[in-house]
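This report describes a protein model for a reader who is new to structural terms. Please consult the sequence and the structure while reading.

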Amino acid sequence: MKGTTLFQLLRLVAMVAAVAGIIYALEFMRGGFAVWFWVALLGVGFVGLLWSFQATRRRAARERRQPASRKKKHRR
């Protein structure tokens, strides 16, 4: 669980840095590669956020099903 929290914190910091990088690049660099780099970093952060959300939902569903399946095995 600690590793998951660490990666979520790291992802949050990277996404905040990406938003700041986009603002900086748009303001001072006038387009080009720098803007797309920060946009891509922000996109990777969102994809990672979606992936971790789905993984957490799958884990929670599996944990909810486990006690029910144990009860069924004991009935037999």
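Met 29 is located in the loop that connects α1 and α2. Helices (H or I, at least four residues) and strands (E, at least two) are DSSP runs, numbered from the N terminus. With a relative accessible area of 42%, Met 29 counts as partly exposed; the term buried means under 20% relative accessible area, exposed means over 50%, and partly exposed lies in between (1.4 Å probe, protein chains only). Leaving aside neighbours within four places in sequence, Met 29 is in contact (heavy atoms within 4.5 Å) with Tyr 24 and Ala 34.

The model is predicted: local features need pLDDT of at least 70, side-chain atom pairs count only at pLDDT 80 or more, and totals for chains, interfaces and linings use all residues. Residues are numbered from 1 along each chain as its sequence is written, and side-chain values use heavy atoms, with hydrogens and water left out.

The secondary structure of the protein consists of 2 helices and 0 strands. Helix α1 covers residues 2–28, which is 27 residues. From its first C-alpha to its last, α1 reaches 38 Å, close to the expected 39 Å, where the expected span is 1.5 Å times one less than the number of residues. The buried residues of α1 include Arg 11, Met 15 and Ala 18.

| Residue | Relative accessible area | Class |
|---|---|---|
| Met 29 | 42% | partly exposed |
| Phe 46 | 48% | partly exposed |
| Ser 52 | 11% | buried |

Apart from neighbours within four places in sequence, Ser 52 is in contact with Gln 8 and Arg 11. The C-alpha atoms of Phe 46 and Met 15 are separated by 8.0 Å, although these residues are 31 residues apart along the chain.

Buried residues make up 18% of the 76 residues in the protein.
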